[in-house]
Amino acid sequence: MNIKSNDLKNLHSSMQNSKLTGRLAGFESPTGLSKTEISQAVRTGSLGFVHSWDMSTSVDGPGTRMTVFMSGCPLRCQYCQNPDTWKMRDGKPVLLDAMIKKIESYKDIFKITRGGITFSGGEAMMQSAFVSKVFEAAKNMGIHTCLDTSGFLGDRFSDRDLNNVDLCLLDVKSGDEKIYREVTGGELQPTIDFGKRLAAAGKKIWVRFVLVPDLTDDEQNVEKTAKICELFAEAVEHVDVLPFHQLGRAKWHELNIPYPLEKTKSPSAELINRVKKQFENHGFVVY
Ligand code: SF4
């Protein structure tokens with residue numbers, strides 16, 4: 001398709017005018033379904049519970065991206081910024097066809113900016129059938145796909161599902177099993193297994209590591225995390241060291257959930273540099 005610069009201008013302007021962030025009003029929800037029918041639809045992927053979505057550039061993958069935040073998460077990370085995404089049924093039910101149509105409507109802008117669709121959460125893999133079907137439709141339209149995940153439920157994606165993933169933003173939350181359990185309440189091994197499968201399938205990975213003082217910052221823990229990344233070898237394009245901040249605190253308070261990191265401060269520049277250097281010493285490009 002030959003797209004003129006005016007078309008691009010119009011597309012950007014329509015994105016800005018429609019105040020995209022967080023709105024779900026544009027999506028149809030089904031009516032009159034019983035609980036059993038809803039569960040069945042989630043299982044088959046014809047329906048997904050969505051917390052919110054937004055359009056952004058160069059945050060959740062390359063180019064301009066539509067990021068869909070699915071609701072539901074099996075982990076309980078101490079530093080979670082979005083505890084309001086934890087329960088699947090707190091999201092809005094969205095029909096598969098409505099989601100595909102929405103993505104299709106941004107096809108041109110994805111093409112021009114080399115962007116695409118990103119599924120995040122919550123944990124996107126809680127609703128793996130829905131995500132897989134949207135990815136398949138996106139690939140059929142030539143749209144780049146990105147999965148933002150902890151990898152904890154990685155085994156829910158078959159090798160065939162993986163074919164439709166171009167890039168994975170993989171959270172390696174800790175390299176030490178005990179610390180991983182303390183941070184998330186879950187087990188580390190599924191993340192390692194999923195990263196290896198992505199690498200074997202020739203997929204690209206951007207590793208994300210959240211640096212929290214007195215929780216994930218231990219030198220040996222960072223070393224172990226870097227060694228896990230080495231298992232994914234050439235698949236890792238870069239490692240993002242994400243400094244902890246307190247932006248999520250208000251949500252924990254609103255939801256009346258005891259917040260374990262109430263008094264934790266953001267890491268110092270010195271600590272960030274030490275951790276980045278550790279990953280660099282293992283040969284990784286680090287941001
Ligand atoms: S995996 Fe993500 S959404 Fe789930 S608890 Fe951890 S930070 Fe929050």
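# Reading loops, strands and a core

Q: Where does N256 lie?
A: N256 sits in the loop between α10 (249-254) and α11 (269-281). Helices (H or I, at least four residues) and strands (E, at least two) are DSSP runs, numbered from the N terminus. Residues are numbered from 1 along each chain as its sequence is written. This is a predicted model, in which local features need pLDDT of at least 70 and side-chain atom pairs count only at pLDDT 80 or more, while totals for chains, interfaces and linings use all residues.

Q: Is N256 buried or exposed?
A: A residue is buried if 20 or more other C-beta atoms lie within 10 Å of its own, exposed if 12 or fewer, and partly exposed in between, with C-beta atoms placed from the backbone. N256 is exposed because 7 other C-beta atoms lie within 10 Å. Although N256 is not a glycine, its phi is positive, about 60°.

Q: Which loop holds D214, and what is its phi?
A: D214 is in the loop between β7 and α9. D214 is not a glycine, yet it has a positive phi of about 65°. With 11 other C-beta atoms within 10 Å, D214 is exposed. D218 is also found in the loop between β7 and α9, but D218 is partly exposed, with 14 other C-beta atoms within 10 Å.

Q: How is strand β7 placed, enclosed or open?
A: Strand β7 (residues 204-211) is largely enclosed by the rest of the structure, because six of its eight residues are buried.

Q: Which strands pair with β7?
A: Two strands pair if DSSP finds at least two bridges between them. Strand β6 (residues 167-171) pairs with β7 in the parallel sense over five bridges, and L170 stands opposite V207 of β7. Strand β8 (residues 236-243) pairs with β7 in the parallel sense too, over seven bridges. There, V210 has L242 in β8 as its bridge partner.

Q: What unit do β7, helix α9 and β8 make?
A: A crossover is right-handed if, with the strands pointing away from the viewer, the path from the first strand over the helix to the second runs clockwise. β7, helix α9 (residues 219-231) and β8 make a right-handed β-α-β unit.

Q: Which residues touch the most other members of the largest nonpolar core?
A: Nonpolar side chains tend to be buried together in soluble globular proteins. A nonpolar core is a set of buried Ala, Val, Leu, Ile, Met, Phe, Trp, Tyr and Cys residues joined through C-beta atoms within 7 Å. The largest one here has 71 residues, of which M70, I103, V134, C168, I205 and V207 touch the most other members. Leaving aside residues up to four places away in sequence, V207 touches L170, V172, C229, V236, V239 and D240 (contact: C-beta atoms, placed from the backbone, within 7 Å).

Q: Which residues are around the ligand?
A: A residue is near a molecule if its C-beta atom, placed from the backbone, lies within 6 Å of it. Around the ligand are C73, L75, R76, C77, C80, N82, T85, G121, G122, E123 and S150. This shell divides into four nonpolar, five polar and two charged residues. Ala, Val, Leu, Ile, Met, Phe, Trp, Tyr, Cys and Pro count as nonpolar, Asp, Glu, Lys and Arg as charged, and the others, Gly among them, as polar.

Q: What is the peptide bond from G121 to G122, cis or trans?
A: The bond from G121 to G122 is cis, with omega near 15°. G122 is in the loop between β4 (116-120) and α5 (128-140).

How values were computed: Contact = placed C-beta atoms within 7 Å.
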